[in-house]
Amino acid sequence: MTSATSTAVNGTDGTNARDGTTGRASWEQIGARKRQELLASIPQEWLIPADVLPAETEDDVTSWPEACGWFTAEELAITNASATELIPKLASGELSSEEVTRAFCKRAAAAHQLTNCLSETCFDRAIKTAKERDRHLRQTGGPVGPLHGLPISLKDNFNLEGLDATVGFVSLVGDAAKADSTLAQLLENAGAVFYVKTNTPTAMMIAESVNNVFGRTVNPLNRKTTSGGSSGGESALLAMKGSPMGVGSDIGGSLRIPAACTGIFTLRPSSGRFPVRNTRSGMPGQEAVPSVNGPMARTLDDITMYTKNVVDGQPWLLDPRCLPIPWRDVRLPNRLRIAVMWHDNMVRPTPPVTRALGEVVSKLKAAGHDVVEWDPVDQKEGLELLGRMFVADGGTAIRKQLERTGEPWRPEMEQYRNAKELSTYEMWNLQLERVDFLNRYLDRWNRAGIDAILCPTIPFNTVKNGSFKHIGYTGVYNVLDYSCLSFPTGLTVDKAIDRIEGLYQPLGSDCEAINGDYDAETMHGLPISLQLVARRLEEEKVLAMGKRVLEALRS
């Protein structure tokens, strides 16, 4: 087996495709070579045989692993299990880390061939680490740590030594990391095994995972639709069960948007709970809106388990930006007070999301919880603040990376290409506006006496590739730095009932476009997610409340 190798920006043949002379390779050549190397890093035995490969017209490929006959029963049993189901079997030796790792490597390789979800592989490192985990267990009789032998996938921005972290820039191909990120070190010390990194959009600043290096990642539930962004490689991999646990990042919804598009769980923590040291940013130095990282998984138990283990690893001793807050057990009141936000004053949710909100509210009331209305009066201001802070440098950070290779701007990034740089004084005043916004939102929350806000994660369940609009439901809570959980409701789109009503009144041009593009036929059967929002640094509470909501939904 081989790991993905790095391609130098200058190229290997020295030919400039633009003028035919000897010199730097074109951005197209660099991207093409990187894609070839990624595919070449997949061992022959993990390349899907042509006779079992699903047709390109097969939209939903999530059931293919069970039906194709290419996976063994043991491989399916392993990869269908959740992280919390696997860990005790790994720690006891019932399953070896090597067999679990090989099963997820194979399924991740298959997921990439079907959805284009990976950016890097390190299969050799994974097998070596897994064997070391098994050896340690045999020799000591105990696990390495609480994540003993568990394969964990990482978004491309997390550095792993010897691998690129392009975050979708052609100019960063060949710029291999010299050391692992701090979070990776913490997870590996806890017993984790790293085997793949996953695709992101350019600079991680598009709500779909598409870039000029690797291309577009698609949603395995329906390959005509997006898996979201910027952690869309992770969400596609998890939906294909090519990973038991993934880690993504979030600056405007980049964890929650892809989780909602594929019907999985994620936690957007407040800044300071998880380490960010030695991770790559698409806009380094932009700290008006902090980037955070968090877990993505198919069960809430997995999310809670990961969060507790990272916090128990005392990340504040490894990253000066982390706050010294140990894990706190939460005692919730029997009756939660939850405010429901039906829309954000900018975009009305499409019919399935509105229906899911209504059904969850009914279940919460039936379970005895107090549900009140949340006035979305502040949401538009919050989204405008986010947008202004994102482009405060006039798009310079992104522009400089693109200019290094002549890589063109993607059409989704017009707001960065056309932005005007703020002066320091203007930036200071913008941050004063943000402080005022934070104060007013907190005061409103306290006056309402609520525990959480229930609202859409995105105004739809997902959208067709290339048509994502509006990050208002997630991005406002990045400005506020609140703790957020995106969770699948267990409901799916029903084309028979989820139809646009004749009385529908758009709230603006984006609202009209989003609801106009809604296609019940395409979305039929796809999962519907919602978002639960707690105050800043209430990660333990939002996870506990999420469990309570799920209990109400099941009752």
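**View 1. Salt bridges across the interface of domain 1 and domain 2.** The rule finds 3 salt bridges across this interface, each a side-chain nitrogen of Lys or Arg within 4 Å of a carboxyl oxygen of Asp or Glu. Arg 268 pairs with Asp 481 in a salt bridge, with 2.9 Å between the closest N and O atoms. Please keep in mind that this is a predicted model: local features need pLDDT of at least 70, side-chain atom pairs count only at pLDDT 80 or more, and totals for chains, interfaces and linings use all residues. Residues are numbered from 1 along each chain as its sequence is written, and side-chain values use heavy atoms, with hydrogens and water left out.

View 2. Domain 1 covers 26-280 + 290-319 and domain 2 covers 336-554, with bounds from an automatic or database domain assignment. Their centres, taken over C-alpha atoms, are 25 Å apart. To the contact (heavy atoms within 4.5 Å), domain 1 brings 50 residues and domain 2 brings 52 residues. About 4,200 Å² is buried between them, 60% of it from carbon and sulfur atoms; this is the accessible area (1.4 Å probe) that the two parts lose on being put together, summed over both.

View 3. The end C-alpha atoms of residues 99-543 are 31 Å apart, and the span is 37% helix and 16% strand, counted from DSSP runs (helices H or I, at least four residues; strands E, at least two).
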